Amino acid sequence: MAGHGLTRVLSYQIAREVAAGQLTIVLAEFEPPPFPVHIVHRSGRRASARVRAFVDFAAERLRRDAALNPVTPAGSAPPPPR
């Protein structure tokens with residue numbers, strides 16, 4: 001952010017800075033498409049209450065984070081996973 005270089009990071013890590021104009025995306029044509037985030041855990045009677053609580057918390061948080069939920073134009077499908 002001090003104007004001293006380039007880095008490769010995941011878009012959600014810098015979404016606020018890009019939106020605020022503190023960072024600029026360069027080489028956008030080489031950016032990979034977004035990919036889904038999955039939470040995998042054991043379910044049913046063998047599931048830990050702590051794990052279930054974390055999964056519920058994480059899923060809600062991920063759904064609310066605009067940086068992780070790109071808006072696609074009406075009528076278009078999101079990009080396929082890589």
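## Terms and model

Buried means under 20% relative accessible area, exposed means over 50%, and partly exposed lies in between, with a 1.4 Å probe and protein chains only. By that scale, R52 is partly exposed because its relative accessibility is 37%.

This is a predicted model, in which local features need pLDDT of at least 70, side-chain atom pairs count only at pLDDT 80 or more, and totals for chains, interfaces and linings use all residues. Residues are numbered from 1 along each chain as its sequence is written, and side-chain values use heavy atoms, leaving out hydrogens and water.

## Overall picture

The protein has two helices and zero strands. Helices (H or I, at least four residues) and strands (E, at least two) are DSSP runs, numbered from the N terminus. Helix α1 covers 11-19 and helix α2 covers 49-64.

Of the 82 residues in the protein, 4% are buried. The protein exposes about 7600 Å², and carbon and sulfur atoms supply 57% of that area. Accessible areas come from the Shrake-Rupley method with a 1.4 Å probe; for residues, only the protein chains shown count as cover.

Now for contacts, meaning heavy atoms within 4.5 Å. Take the contacts between residues at least 6 apart in sequence: 41% of them join residues at least 24 apart.

## Helix α2 and its two sides

Helix α2 has 16 residues. From its first C-alpha to its last it reaches 23 Å, close to the 22 Å expected at 1.5 Å a residue. The expected span is 1.5 Å times one less than the number of residues.

Which residues of α2 are buried? They are V55, A58 and A59. These residues cover an arc of only 100° around the axis, so they sit on the same side of α2. The arc is that of the directions from the helix axis to the C-beta atoms. On the other side of α2, A49, R50 and R64 are exposed.

A58 counts as buried because its relative accessible area is 12%. The C-alpha atoms of A58 and I39 are 8.4 Å apart, although the two residues are 19 apart along the chain.

## Salt bridges

How many salt bridges does a search of the whole structure find? It finds two. A salt bridge is a side-chain nitrogen of Lys or Arg within 4 Å of a carboxyl oxygen of Asp or Glu.

One joins the side chains of R52 and D56, at 2.6 Å from N to O. These two are about one helical turn apart, because they are four residues apart in helix α2. D56 is partly exposed, at 40% relative accessible area.

E60 forms a salt bridge with R64, and their closest N and O atoms are 3.9 Å apart. E60 and R64 are also four residues apart in helix α2, so about one helical turn separates them. E60 is partly exposed at 37%, whereas R64 is exposed at 56%.

## A nonpolar patch

L6, V26, L27 and F30 make a nonpolar surface patch of about 490 Å². Patches are made of residues with over 30% relative accessible area and no salt bridge; like charges are joined within 9 Å, and nonpolar side chains (Val, Leu, Ile, Met, Phe, Trp, Tyr) within 5 Å.

V26 lies in the loop between α1 and α2. V26 is partly exposed, at 48% relative accessibility. L27 is found in the loop between α1 and α2. At 54%, L27 counts as exposed. Phi of L27 is near 55°, a positive value in a residue other than glycine.
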